[in-house]
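Please keep the structure in view while going through the numbered points.

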Amino acid sequence: MVLNRLFRRRAEPDVQVQQGLEKTRRGVFLEITRLFDRSTMDDELYEDLEMLLIQADVGWDVSQRLVEDLRSQVRDRRIVHPTDARELLRNDMVALLELATRNRKVKILQRGVPWVILVVGVNGVGKTTTIAKLAAYHQRFGRSVMLAAGDTFRAAAIDQLQIWGQRLDVPVIAHGPGADPGAVVFDAMQAAHNRGADVLIVDTAGRLHNKTNLMFELGKIRKVMQRHVESAPQEVLLAIDATTGQNGLIQAQEFSKSVAITDIMIAKLDGTAKGGIAFSVAKELGTPISYIGTGEKATDLAEFHPDTYVDSLFFGVGEGL
Ligand SMILES: Nc1nc2c(ncn2[C@@H]2O[C@H](COP(=O)(O)OP(=O)(O)OP(=O)(O)O)[C@@H](O)[C@H]2O)c(=O)[nH]1
Ligand SMILES: [Mg+2]
């Protein structure tokens, strides 16, 4: 009877998320699954579990907390079979991610008011590619999208965004290299208004080396946006690169000091065995993770759902159904 309550319904499998997390699953979570094939829950199992979680970049504190929670639940519920304990771990991991997703604001797009998404993050994390993915995502809902080339720092950044614009048939508002990002955003807001765009996504330069500059520039962009739409930017999306592991967390913490982040995108999950970073981000920042990046194509974006995510760490495509 008691055990029945342990089992939550398994999330609907999402092949894209499963493929994106395949490296993390094969790298570490397969070993975690095997731990629970042992015959007893002993100290060695808990120690091995903690080590594996740290290896997957779940982070020191979070790994310790998960293991301690598991220990006390196993004790309190008098669990003897490791397979039941694995279910408890799975539920705890989902609950941890839900701590952050609970803070997610409902996105209500209004007709005639562009939904403005400001995409921020350090160099090379995948901002521009994420913008293309978000454009395709919103297009799938039938929304008209526009892009603004707010990264005027790198000449190639403007070209890169324009190429995505052509591929996706999305207008791109751009000035020349070195132009004032505020001026680009001003024009983009005006154009979005004139053309009745539903969504405007703004690229930014990924510089963090000078926090004062970053704050100043993002503050200016925000002011320009608010001259047109008081509630803009309705979404401030921070992209972090999963392959950098715990560095992604440090970057996220730094960015949060400069700008109010509403959503996090974990890019490049397909390229790493460090998919555990989602747990540190959720626990340490409390900012909701909204999307994950699973490849370089515009369609390689998945919405983040805690249960689907955790189940994809334990089960590969076609498994565990
Ligand atoms: N495998 C994989 N590669 C990705 C993903 N997202 C982005 N990339 C690749 O990462 C590299 C950098 O991506 P960009 O989108 O240019 O990153 P950025 O943050 O805009 O870079 P800067 O403008 O230089 O700051 C490119 O080669 C992308 O194709 C992803 O989810 N998976
Ligand atoms: Mg870029």
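1. Axes are lines fitted to C-alpha atoms, for helices over the stretch in contact, and angles run from 0 to 180 degrees between N-to-C directions. Helices (H or I, at least four residues) and strands (E, at least two) are DSSP runs, numbered from the N terminus. Helix H2 (residues 22-35) packs against helix H12 (residues 306-314) at an angle of about 80°, and their axes are 7 Å apart. H2 is therefore roughly perpendicular to H12, a term that covers angles of 65 to 115 degrees.

2. This is a predicted model, in which local features need pLDDT of at least 70 and side-chain atom pairs count only at pLDDT 80 or more, while totals for chains, interfaces and linings use all residues. Residues are numbered from 1 along each chain as its sequence is written, chains are lettered from A and ligands numbered from 1 in the order in which they are written, and side-chain values use heavy atoms, with hydrogens and water left out.

3. Which residues of H2 meet H12? They are Thr 24, Arg 25, Phe 29, Ile 32 and Thr 33, and their partners in H12 are Ser 312, Leu 313 and Phe 314; contact means heavy atoms within 4.5 Å. Ala, Val, Leu, Ile, Met, Phe, Trp, Tyr, Cys and Pro count as nonpolar, Asp, Glu, Lys and Arg as charged, and the others, Gly among them, as polar.

4. H4 contributes Asp 61, Val 62 and Arg 65 to the contact, and H11 contributes Phe 279, Ser 280, Lys 283 and Glu 284. The contact of H4 with H11 has two nonpolar, one polar and four charged residues.

5. Ligand 1 has 18 residues around it, of which Lys 127, Thr 128, Thr 129, Asp 270 and Glu 296 come nearest; a residue counts as near if one of its heavy atoms lies within 4 Å. Helix H6 (residues 127-140) gives the most to this shell, with four residues. By class, the shell has two nonpolar, nine polar and seven charged residues.

6. Two backbone features deserve attention. The peptide bond from Ala 232 to Pro 233 is cis, with omega near -10°, and Pro 233 is in the loop between helix H9 (211-228) and strand S5 (235-241). Arg 78 has a positive phi of about 55° although it is not a glycine. Most residues other than glycine have a negative phi, and most peptide bonds are trans.

Methods: Angles under 35 degrees count as roughly parallel, over 145 as roughly antiparallel, 65 to 115 as roughly perpendicular and the rest as oblique.
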